[in-house]
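Me: I'm new to this one. Could you show it to me and take a few questions?

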Amino acid sequence: MNKEEYIPGLITAVAISSLSLFISGFHASFDPLVISIIIGMFLGNLLAKKEYFEGGIEASIKVFLPAGIALYGAQLVVHDITPGVVGGLVAVFSVMFGLALVVSKVFSINNKVAVLIASGLAVCGTAAITIISPLIRARRSDTSISIISVMMLGLTAMILYPLLFDYLALTKNEFAFLSGATLPMLGQVKVAAGSICEDCLSVAVKIKLFRISFLFFLVTVVLFLSGTEGKRIAIPWFIVLFVVLAVAVNITDIFNPYLAHLRKASSFFLSTALAGIGFTADFDSIVDNGMAPLGTAFLTWGVVIILTYIVMSLL
């Protein structure tokens with residue numbers, strides 16, 4: 001394939017990513033990764049001659065996905081937080097992840113989609129799904145289905161949370177924990193907690209940022225489980241760099257002046273890769289999965305919310 005044949009697909013993926021990042025600036029709940037995969041899906045399924053873009057689209061995924069994952073490690077800065085809250089976060093993470101896997105079995109969802117949905121719900125939504133996806137060799141349709149399911153859950157929950165604050169008579173700290181520990185994406189936490197007060201927002205974001213650091217543990221678990229399946233554990237270079245960056249930003253201040261740039265670069269790279277993944281996704285394969293992935297996300301979230309409220313009421 002000539003170099004010129006890569007250009008249309010690459011330009012398309014980069015353009016979608018740039019547009020998504022621009023749109024995300026209008027509201028905290030607009031996640032550029034989600035916007036990229038949605039625009040990519042619609043554009044890819046509307047165009048008649050997708051093969052014209054295939055070379056560049058494939059290149060965008062192969063180049064930008066590992067680069068974005070590697071740089072995402074710079075976002076896993078562990079913030080100071082009380083031991084009680086850490087224990088609560090570990091409990092919610094464990095229940096959310098484990099329950100999603102169990103519910104997925106009930107809905108007869110394939111194992112890879114189950115792991116992706118569980119990862120997205122338990123840690124950080126689209127970013128977690130995107131990072132875990134290549135480690136378990138998930139199909140692109142699996143990635144798309146998982147992102148859409150977790151996104152729909154997150155947007156719905158974000159709207160419902162302020163109502164829960166009044167209906168359940170939660171304190172500001174309880175609501176901050178509930179938001180930071182159970183909403184999939186940081187932007188959703190900001191919207192939900194910010195609707196209560198600034199103090200609530202500050203605490204909720206701090207909790208959410210600490211929860212995002214669980215991604216380091218999740219990657220380790222997924223790699224270990226890959227080895228238990230009888231396969232040789234092959235750790236990709238981008239995961240090595242991801243881990244190195246995650247450790248480095250927590251033990252030294254050397255990277256502090258560059259953290260904002262690394263995060264922006266990671267967001268751009270991942271958005272570009274997801275634009276390509278969305279572009280190659282087939283609506284038919286997503287429709288074939290029906291409402292099961294969405295049902296898994298909502299049922300898991302509902303049970304965790306109830307359990308979390310009961311435990312907070314007893315403390």
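Here come some questions and answers about this predicted model.

Me: How far apart are the end C-alpha atoms of helix 9, and why does that agree with what the helix should span?
Reply: Helix 9 covers residues 198–212, which is 15 residues. At 1.5 Å a residue, the helix should span 21 Å. The distance between its end C-alpha atoms agrees with that: 21 Å.

Me: How many aromatic pairs does a search of the whole structure find?
Reply: The search takes in the whole structure, and rings pair if their centres lie within 6.5 Å. It comes to 14.

Me: What kind of pair do Phe64 and Phe268 make?
Reply: The ring centres of Phe64 and Phe268 sit 6.2 Å apart. Their planes are at 85 degrees, and over 60 counts as edge-to-face. So this pair is edge-to-face.

Me: Which helices does that pair link?
Reply: Phe64 and Phe268 are 204 residues apart, so to speak in distant parts of the chain. Phe64 belongs to residues 54–72 and Phe268 to residues 259–280. Those are helix 3 and helix 12.

Me: Is Phe64 buried or exposed?
Reply: Buried means under 20% relative accessible area. Phe64 has 15% relative accessibility, so it counts as buried.

Me: What about Phe165 and Phe175: what kind of pair are they?
Reply: Phe165 lies in helix 6 and Phe175 in helix 7, 10 residues apart in sequence. Their ring centres are 5.4 Å apart, with the planes at 70 degrees. That makes the pair edge-to-face.

How values were computed: Residues numbered from 1 in each chain as written. Predicted model: local features only at pLDDT ≥ 70, side-chain atom pairs only at ≥ 80, totals over all residues. Heavy atoms only, no water. Helix = DSSP H or I, 4+ residues; strand = E, 2+ residues; numbered from the N terminus. Expected span 1.5 Å × (residues − 1). Phe/Tyr/Trp six-rings, centres within 6.5 Å; stacked < 30°, edge-to-face > 60°. Buried < 20%, exposed > 50% of the residue type's maximum accessible area, 1.4 Å probe, protein only.
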